[in-house]
Amino acid sequence: MTSQPLAIMIAGTHSGAGKTTATGVVLRGLIDRGLRVQSFKLGPDFIDPGYHREITGRPSINLDLWLMGSDGVRDSFRRWSAGADICVIESMGALFDGTDGTGHGSAAHVAKLLGVPVVVIIDVWGMTRTAAAILSGLRDFDSELRWAGCVVNRSGSPGHTRMIMNGLPTDLQQTVIGAIERDPGLAVPERHLGLLTVDENEATIGVRSDHQRRAAAGLDLDRLLARAAADPGDAVITTPHKPSAEHPARARLAVARDRAFCFYYEENLQMLRRTGFELVEFRPTVDHELPADVDAVYLGGGYPESFAAELAGNRSLLSELRRRAADGMPIWAECGGMMYLARSLTGFDGVRHRLAGVLPIDVIMDRDYLSIRYAELRTRSDSPLGPSSSRLWAQEFHQSRIIADDLEPNLFDGVTSSGEKFAAGYQVGKVVASYLHLHLSRTPQVADSLMAAALARR
């Protein structure tokens with residue numbers, strides 16, 4: 001028997017409290033100490049993990065109870081923790097907020113599931129002694145939750161921080177890891193549906209690093225490490241994990257990867273590699289053809305609407321995708337990838353762009369529309385994702401709508417987490433596309449099915 005590496009979860013008093021900022025500061029401080037740091041992100045978010053990876057040099061891994069189940073979350077945490085000195089988990093939302101007003105799936109729920117202590121981030125801009133009431137309430141709300149401490153975020157000055165500290169009871173003062181003063185250089189710009197991706201952020205890595213290092217100087221990382229070192233009990237005591245061996249490369253999978261397409265779960269990519277795929281990246285905004293000798297294509301999500309002109313102008317790649325689809329090449333497209341395969345995409349500005357035309361649909365961006373949901377799916381027929389009635393788990397989050405289609409949704413029958421039934425997605429030959437992002441943690445056989453489809457075409 002062996003225990004996991006040191007671990008902490010960074011959670012917030014509310015959404016927008018500064019978890020992403022504080023996580024970046026903590027990661028930078030730990031990396032600058034020479035520690036091997038493995039980061040995780042709760043929930044289905046694709047953007048924050050990119051900022052984590054920029055700092056740690058390691059993929060950041062999503063942990064999501066709906067998509068993965070309790071066993072999947074534990075297993076993923078164990079596997080990706082191997083070889084790290086400390087694990088840092090960035091939560092989502094507020095500490096105790098779970099599904100439909102319950103605690104299920106909340107940061108606190110997952111922290112207890114993994115036996116990980118919590119560091120709470122509180123945004124103190126515009127308050128002093130009230131911070132004591134908020135932190136005292138959070139600390140005492142759930143006696144089973146391990147409290148590692150708190151970080152005062154967006155303090156206006158050292159004097160403001162002193163007032164916050166003076167208002168805290170002595171025992172709570174002793175848990176304060178430090179303060180991060182308000183610094184616009186730490187902020188990540190926002191856009192529709194979230195933060196600007198790391199690839200689009202105009203601030204350089206060096207500039208971000210400098211601001212993070214200055215902020216990290218205000219944190220007591222020794223205290224944080226000591227809190228993370230506290231006895232975790234039995235919750236994360238596990239047998240040593242032996243990673244599954246990867247198969248020798250048997251097929252080449254073209255993976256769209258650039259500013260327009262960057263939403264991929266690292267677990268999915270690793271599963272595809274272990275199945276025997278060689279992943280070959282290409283850039284739909286600039287590359288005029290697919291990589292040589294590929295057997296299948298994976299078009300992930302992202303922001304194609306922000307680069308619609310570049311994507312539409314790359315007619316040679318669009319033509320090749322149409323030709324490959326007609327020839328029976330397996331193509332798996334999710335959300336932004338599906339939009340790329342549409343006949344057209346109309347942006348927020350009303351400009352209509354002709355795209356691949358692989359799917360007989362037209363898509364429009366709509367600021368007044370938002371679809372965000374988890375779903376359990378069943379495939380309607382045999383496809384590159386598996387045989388008919390294959391069970392899958394997924395999430396979707398988009399601000400676009402299909403305004404015209406010459407094909408009824410024929411890929412999935414779905415049920416949302418709230419019990420709503422729906423049909424979704426399209427299958428045209430060996431092309432499978434939908435707004436839904438699949439997570440393969442519970443369904444590794446999807447990678448095998450995609451491999452079989454790729455090899456069958458040969």
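A crossing counts as left-handed if the near helix is turned anticlockwise from the far one by less than a right angle, and as right-handed if clockwise. Helices (H or I, at least four residues) and strands (E, at least two) are DSSP runs numbered from the N terminus.

The model is predicted: local features need pLDDT of at least 70, side-chain atom pairs count only at pLDDT 80 or more, and totals for chains, interfaces and linings use all residues. Residues are numbered from 1 along each chain as its sequence is written, and side-chain values use heavy atoms, with hydrogens and water left out.

**Exercise 1.** Describe how α3 packs against α4.

Solution.
Step 1. Axes are lines fitted to C-alpha atoms, for helices over the stretch in contact, and angles run from 0 to 180 degrees between N-to-C directions. For α3 and α4 (residues 107–114) the angle is about 35 degrees and the axes lie 10 Å apart.
Step 2. The crossing of α3 past α4 is right-handed.
Step 3. Contact means heavy atoms within 4.5 Å. From α3 the contact uses Leu65, Ser70, Val73, Arg74 and Phe77, and from α4 His109, Val110, Leu113 and Leu114.
Step 4. Ala, Val, Leu, Ile, Met, Phe, Trp, Tyr, Cys and Pro count as nonpolar, Asp, Glu, Lys and Arg as charged, and the others, Gly among them, as polar. The contact of α3 with α4 then has six nonpolar, two polar and one charged residues.

**Exercise 2.** Classify the orientation of α10 against α3 and against α14.

Solution.
Step 1. Angles under 35 degrees count as roughly parallel, over 145 as roughly antiparallel, 65 to 115 as roughly perpendicular and the rest as oblique.
Step 2. Helix α3 (residues 65–81) and α10 pack at about 75 degrees, with axes 13 Å apart. Therefore α3 is roughly perpendicular to α10.
Step 3. Met68, Ser76, Arg79 and Trp80 of α3 meet Glu266, Glu267, Gln270 and Arg274 of α10. By class, this contact of α3 with α10 has two nonpolar, two polar and four charged residues.
Step 4. Helix α10 (residues 266–275) packs on α14 (residues 445–457) at about 50 degrees, the axes being 9 Å apart. The pair α10 and α14 is therefore oblique, and the crossing is right-handed.
Step 5. On the α10 side are Met271, Leu272 and Thr275, which meet Ala447, Asp448, Leu450 and Met451 of α14. The classes in the contact of α10 with α14 are five nonpolar, one polar and one charged.

**Exercise 3.** Characterise the largest cavity by volume and lining.

Solution.
Step 1. On a 1 Å grid over the protein atoms alone, a cavity is a set of points where a 1.4 Å probe fits but cannot get out; lining residues have an atom within 4 Å of a point. Grid points are joined across faces, edges and corners, and a volume is the space filled by probe spheres set on the points.
Step 2. The structure holds one cavity of 30 Å³ or more, and the largest cavity has a volume of about 40 Å³.
Step 3. Its lining includes Trp332, Leu385, Phe412 and Ser434. β25 (431–434) and β15 (331–334) each supply at least two residues, and the largest share, three residues, comes from β25.
Step 4. The lining of the largest cavity has nine nonpolar, one polar and no charged residues.

Definitions and conventions. 1 Å grid on protein atoms, 1.4 Å probe; cavity = no way out; pocket = protein on both sides within 12 Å on 5 of 7 lines; lining within 4 Å.
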